[in-house]
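Hello,

Here is the structure I promised to pass on. My notes on its domains and contacts follow.

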Amino acid sequence: MSLLNLHLKVWRQNGSQPGHFQDIEAPEIPDHASFLEMMDIVNERLISKGEDPVAFDHDCREGICGMCSMQINGVPHGPEKATTTCQLHMRKFRTGDTIWIEPFRASAFPILKDLMVDRTAFDRIQQAGGFVTVRTGAPQDANALPIGKEVADAAMDAAECIGCGACVAACKNASAMLFVSAKAGQLNSLPQGQPEKDRRTLGMVRQMDKEGFGNCTNQYECEAACPKGISVRWITKLNRDYAIASVKEAFGNTPKVAGGGD
Amino acid sequence: MSLNSNIPSGPMAMKWSKHKQDSKLINPKNKRKFTVLVVGSGLAGSSAAATLSELGYKVKCFCFQDSARRAHSIAAQGGINAAKNYQNDGDSVHRLFYDTVKGGDFRAREANVHRLAEVSVNIIDQCVAQGVPFAREYGGMLANRSFGGAQVSRTFYARGQTGQQLLLGAYSALNKEIASGGVQMYTRMEMLDLVTVDGHAKGIITRNLVTGKIEAHAGDAVLLCTGGYGNVFYLSTNAMGCNVTATWRAHRKGAFFANPCYTQIHPTCIPVSGDYQSKLTLMSESLRNDGRVWVPKKKEDCGKAPDQIPEADRDYYLERKYPSFGNLAPRDISSRAAKEACDDGRGVGPGGRGVYLDFAEAIQQFGAKTIAERYGNLFEMYERITGESAYKRPMRIYPAVHYTMGGLWVDYNLMSNLPGLHVLGEANFSDHGANRLGASALMQGLADGYFVIPTTIANYLVGQKPGSITTDHPEFKKAVEACTAQTKKFLNINGKRSVDSFHRELGLLVWDKCGMARTREGLTEALKRIPELREEFWQNVKVPGSGDFTNPELEKAGRVADFMEFAELLCLDARHREESCGGHFRSEYQTEDGEAKRDDENFSYAAAWEYTGNLSQPTLNKEPLTFEEVHLAVRSYK
């Protein structure tokens with residue numbers, strides 16, 4: 001194990017007040033530590049000096065809860081492919097490096113404090129149709145509905161999305177298409193999701209627009225930044241599903257859109 | 001005080017059916033008048049909140065994360081058990097029930113476990129209907145894998161992310177109910193206290209983690225679905241935010257805390273690498289289906305590269321000691337065996353606290369592609385953390401705190417001794433005895449939330465006048481004032497040490513004295529040290545910032561303050577239980593070959609501790625455990 005001496009440039013901000021970069025020296029950081037453990041060490045030192053520690057979101061620290069965020073050197077979750085910030089380790093950096101640390105930036109993700117942002121827009125999109133309407137206790141035996149392995153595997157590929165928002169932060173338009181397409185795509189590609197497919201698609205896409213996410217211009221920064229490697233082909237599928245649902249709606253063939261307590 | 005577990009009469013296999021028949025009903029029009037507060041949004045909380053809302057109750061659901069979907073159930077990897085017998089390998093409800101009681105080392109309540117096994121099959125049906133993408137075979141049927149402590153394949157899984165997929169399923173059901181207006185969701189809200197009125201749980205106090213506002217919420221019943229207390233050890237596989245506050249605060253208001261000493265140490269975690277470490281990462285137990293556990297036979301080989309150690313010089317100790325279960329021996333047994341090997345000086349890796357989990361044979365037999373399909377994400381995770389590839393070199397693993405079987409005492413209705421307070425999932429004590437089998441936590445969380453509480457809560461509510469207690473009641477004002485005062489107190493101490501430094505010190509102490517092996521002497525020492533540390537914490541902790549804004553240090557301080565108190569009860573319970581069973585191993589009580597030695601004559605009871613106001617002198621209440629179906633036997637996996 002070796003120790004790294006790092007220069008950090010960390011975004012500091014209180015709520016809606018203007019923010020700024022603060023220079024923080026981070027000497028003697030063990031290279032086995034994770035990025036968030038490096039932040040813990042930095043905070044511990046700030047506290048002992050009587051300064052305000054850096055606020056950041058984190059919880060499981062094993063790459064699955066989707067709570068950690070951070071733009072590291074301009075890239076959501078940092079330089080490692082398919083890796084969340086909490087799983088990024090300091091051995092990927094060199095002593096003497098300057099590291100820029102910012103929050104995920106998007107107008108639909110308002111900054112709460114320092115590196116913490118509000119991602120509840122994602123919840124509201126899910127509430128607008130990201131489910132199968134089935135009440136507890138009603139279903140048939142699980143094996144009464146055979147689902148081909150290829151179909152189940154594809155649905156699982158989409159379902160791996162952890163809802164962290166890196167796709168939005170990576171996109172120059174702050175589009176949420178990768179997230180929405182993965183969530184809608186999982187259910188839209190399974191037999192259980194067919195009855196509500198059109199409702200779901202229209203509901204989720206419209207909520208996404210309402211939240212202020214930008215448009216997708218097919219440059220696929222989102223896929224490159226996604227810590228779970230969600231493929232942009234889900235966006236293609238969502239566009240297709242949306243076109244079909246819109247046409248049906250125009251001809252009056254779609255039930256009312258889900259969400260909003262209808 | 002005598003404890004009434006309210007177990008229905010009649011034969012074991014008929015109890016739950018009978019209880020459902022006998023349970024009270026509330027008509028749909030009246031259900032709308034009742035408000036249920038659900039704290040926590042993991043598998044138990046989300047599934048309960050969604051289902052109660054479907055039934056017509058008004059539900060308020062709270063979580064401290066920024067989204068309900070991030071609760072720590074999301075991190076469960078391996079799978080969920082269900083007695084479907086899709087494999088035709090002899091599984092049945094009775095066998096799952098039997099395995100769970102035996103796996104829990106005969107310290108669980110039989111009737112609860114039987115119910116768990118019964119509803120396990122409904123869970124799978126429910127999840128599939130929601131669109132949970134479980135693994136499937138080419139013919140479209142659901143696939144299964146084996147897990148520790150069972151000789152049948154009854155575990156359903158979604159790659160290495162079963163907890164994630166089940167939670168996303170429950171979260172989608174919750175979203176459906178939020179959209180319909182039945183559930184009001186409160187995110188970034190932490191429960192600080194329980195409010196009781198005339199001995200009944202009627203509300204909670206929360207802190208808004210964004211604005212700092214301390215608020216009161218009243219309801220007709222409270223459900224705690226707040227998970228376990230593994231973070232008392234500081235290092236564990238739990239998420240950073242997991243805490244004991246909700247259950248501990250309820251305990252201080254009168255709810256009995258049962259069997260805190262039953263803690264589970266998971267055998268397959270990535271070893272500790274340094275003192276900056278903030279958490280430990282689990283490698284799913286499912287890896288033991290194909291991986292072989294070994295250490296060098298000779299101490300002098302420990303420093304060698306593993307491929308330089310010939311087959312004859314390797315000790316596949318689980319296969320040697322437990323030939324019929326081999327690498328799939330239950331968690332407590334596998335963990336202790338790893339500790340023994342390392343205590344014997346044959347551990348590998350930094351500090352000698354590690355054993356190998358070797359996939360070379362499985363890769364040779366099935367090919368790297370198949371192994372990647374089964375465990376790809378786990379291998380990747382391992383490589384990210386350690387910088388080593390498990391395809392080329394055996395993984396290094398070591399046990400770590402993972403799950404806590406103890407929790408608030410509940411009766412058959414999942415209600416604690418405090419009327420109105422219901423406790424679900426890991427937060428209660430009832431189903432896993434002294435040791436939980438793999439893939440049973442997800443089963444229990446969802447069983448409690450989807451299928452048990454929706455029936456049993458009516459038995460309490462039917463006797464209540466809905467909405468009779470509001471936040472205007474003086475008890476709420478009192479509780480808000482107490483929480484506000486505690487916040488101020490933290491901010492005014494202005495000491496020298498960070499919250500984390502106290503937490504780390506407490507964790508090391510508890511791990512050392514109340515971890516994988518415990519002794520009367522060690523526990524007595526811990527019991528002396530914990531109050532001293534607690535005292536120092538209240539004198540010398542430094543909590544920067546203010547109370548009326550986002551302040552992660554303040555949040556941690558509140559949680560650690562409760563861990564400081566809880567740790568004492570944990571050690572008291574461990575010292576009082578003078579036997580070894582499941583996850584509780586007292587070195588004084590072991591067989592000649594080092595296995596746990598139970599004392600059924602004196603300790604066949606659940607220890608339900610009552611808060612007295614004096615932390616070092618809680619009152620012990622006992623719920624005797626009787627075994628009608630499963631005969632008490634020495635648990636053998638040989």
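In chain B, 31 Å separate the C-alpha centres of domain 1 and domain 2. Their ranges are 268-400 for domain 1 and 474-624 for domain 2 (domain bounds come from an automatic or database domain assignment). Domain 1 of chain B puts 6 residues into the contact, and domain 2 of chain B puts in 5 (contact: C-beta atoms, placed from the backbone, within 7 Å). Helix H9 (331-343) of chain B supplies the largest share of the domain 1 side, 5 residues (helices, H or I, at least four residues, and strands, E, at least two, are DSSP runs numbered from the N terminus). By class, that side has 1 nonpolar, 1 polar and 4 charged residues (Ala, Val, Leu, Ile, Met, Phe, Trp, Tyr, Cys and Pro are nonpolar; Asp, Glu, Lys and Arg are charged; the others, Gly among them, are polar).

This is a predicted model: local features need pLDDT of at least 70, side-chain atom pairs count only at pLDDT 80 or more, and totals for chains, interfaces and linings use all residues. Residues are numbered from 1 along each chain as its sequence is written, while chains are lettered from A and ligands numbered from 1 in the order in which they are written.

Chain A has domain 1 at 3-113 and domain 2 at 119-250. Their C-alpha centres lie 29 Å apart. Each domain gives 18 residues to the contact. The domain 1 side holds 9 nonpolar, 8 polar and 1 charged residues.

Between the chains, the contact takes 71 residues from chain A and 65 from chain B. H1(A) gives the most to the chain A side, with 7 residues. That side divides into 31 nonpolar, 24 polar and 16 charged residues.

Best wishes

Technical notes:
Contact = placed C-beta atoms within 7 Å.
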